[in-house]
Amino acid sequence: EKHATPYDAIGAEKLAVLVDEFYSRVGKHPDLIPIFPKDLTEVARKQKQFLTQYLGGPALYTEEHGHPMMRARHLPHEVTPRRAKAWLSCMSEAMDEVGLEERFREHFFSRLALTAKHMVNTPDDPQ
Ligand code: HEM
């Protein structure tokens with residue numbers, strides 16, 4: 001018997017709205033604006049694919065882009081501890097906005113927090 005994945009429980013539609021709400025915040029966050037492209041359409045499309053597989057759904061990201069290697073793919077971008085915090089705050093607000101149920105939220109968010117920490121590749125500016 002196949003158990004339902006978090007992806008099945010959340011659903012593609014809600015995941016897509018979550019990602020759109022997330023990037024609308026990223027696009028306005030002063031710590032994140034400098035490293036993201038102005039047009040976030042393509043990164044949002046890739047993030048929907050990535051989070052689909054991250055949550056146990058079909059491997060959409062890998063099918064189109066190959067192995068995720070997320071840390072390596074972030075190396076060209078200065079991901080500081082401050083930016084990781086900003087990224088997670090945008091995600092937390094997006095989860096509130098879509099009303100992600102508590103039973104998924106806690107586990108999903110704590111996994112993202114670990115992944116975000118793993119993406120950090122540059123120290124904060126001293127000041
Ligand atoms: C791509 C920043 C964490 C998933 C990117 C890009 C930036 C970025 C600047 C490239 C945008 C572009 O020019 O196309 C950050 C920062 C993070 C962070 C500051 C803070 C820790 C994460 C986490 C995940 C993630 C935690 C997954 C759970 C992705 C994906 C892409 C991406 C899937 C697209 C990769 C591709 O081009 O195929 N991120 N990211 N990021 N990020 Fe992050």
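Tutor: Let us begin with a sorting of residues: Ala, Val, Leu, Ile, Met, Phe, Trp, Tyr, Cys and Pro count as nonpolar, Asp, Glu, Lys and Arg as charged, and the others, Gly among them, as polar. The model is a predicted one, in which local features need pLDDT of at least 70 and side-chain atom pairs count only at pLDDT 80 or more, while totals for chains, interfaces and linings use all residues. Residues are numbered from 1 along each chain as its sequence is written, and side-chain values use heavy atoms, with hydrogens and water left out.

Arg83, Ala84, Ala86, Trp87, Leu88, Cys90, Met91, Ala94, Met95 and Val98 of α6 are buried, meaning under 20% relative accessible area, with exposed over 50% and partly exposed in between (1.4 Å probe, protein chains only). An α-helix has 3.6 residues a turn, so residues three or four places apart point the same way. The partners against which the buried residues of α6 pack are α2 (12–26), α3 (41–54) and α7 (102–119).

Pro81, which belongs to α6, is partly exposed, since its relative accessible area is 38%. Beyond its neighbours within four places in sequence, Pro81 is in contact (heavy atoms within 4.5 Å) with Val120, Thr122, Pro123 and Asp124. From Pro81 to Phe109 there are 28 residues in sequence and 17 Å in space, taken C-alpha to C-alpha. After α6 comes Gly99, with a positive phi near 65 degrees.

The pockets come next. A pocket is an open set of points on a 1 Å grid over the protein atoms alone, where a 1.4 Å probe fits, with protein on both sides within 12 Å along at least five of seven lines, and lining residues have an atom within 4 Å of a point. The second largest pocket holds about 240 Å³ of space, a volume being the space filled by probe spheres set on the points. Twelve residues line this second largest pocket, and those closest to its centre are Thr80, Arg82, Arg83, Asp124 and Asp125. Its lining consists of six charged, three polar and three nonpolar residues.

The largest pocket has a volume of about 670 Å³, and among its 25 lining residues Tyr23, Val43, Gln47, Met70 and His74 are the closest to the centre. Helix α6 is one of the elements that give two or more residues to that lining, together with α3, α4 (60–65), α5 (70–74) and α7. The most comes from α3, which gives six residues. By class, the lining of the largest pocket has 16 nonpolar, five polar and four charged residues.

His74 lies in helix α5, and through its NE2 atom, at 2.0 Å, His74 is the only protein donor of the iron atom of the ligand; donors are N, O and S atoms within 2.8 Å of the metal (3.2 Å for Na, K and Ca), and water is not among the atoms, so sites may look incomplete.

Notes
Helix = DSSP H or I, 4+ residues; strand = E, 2+ residues; numbered from the N terminus.
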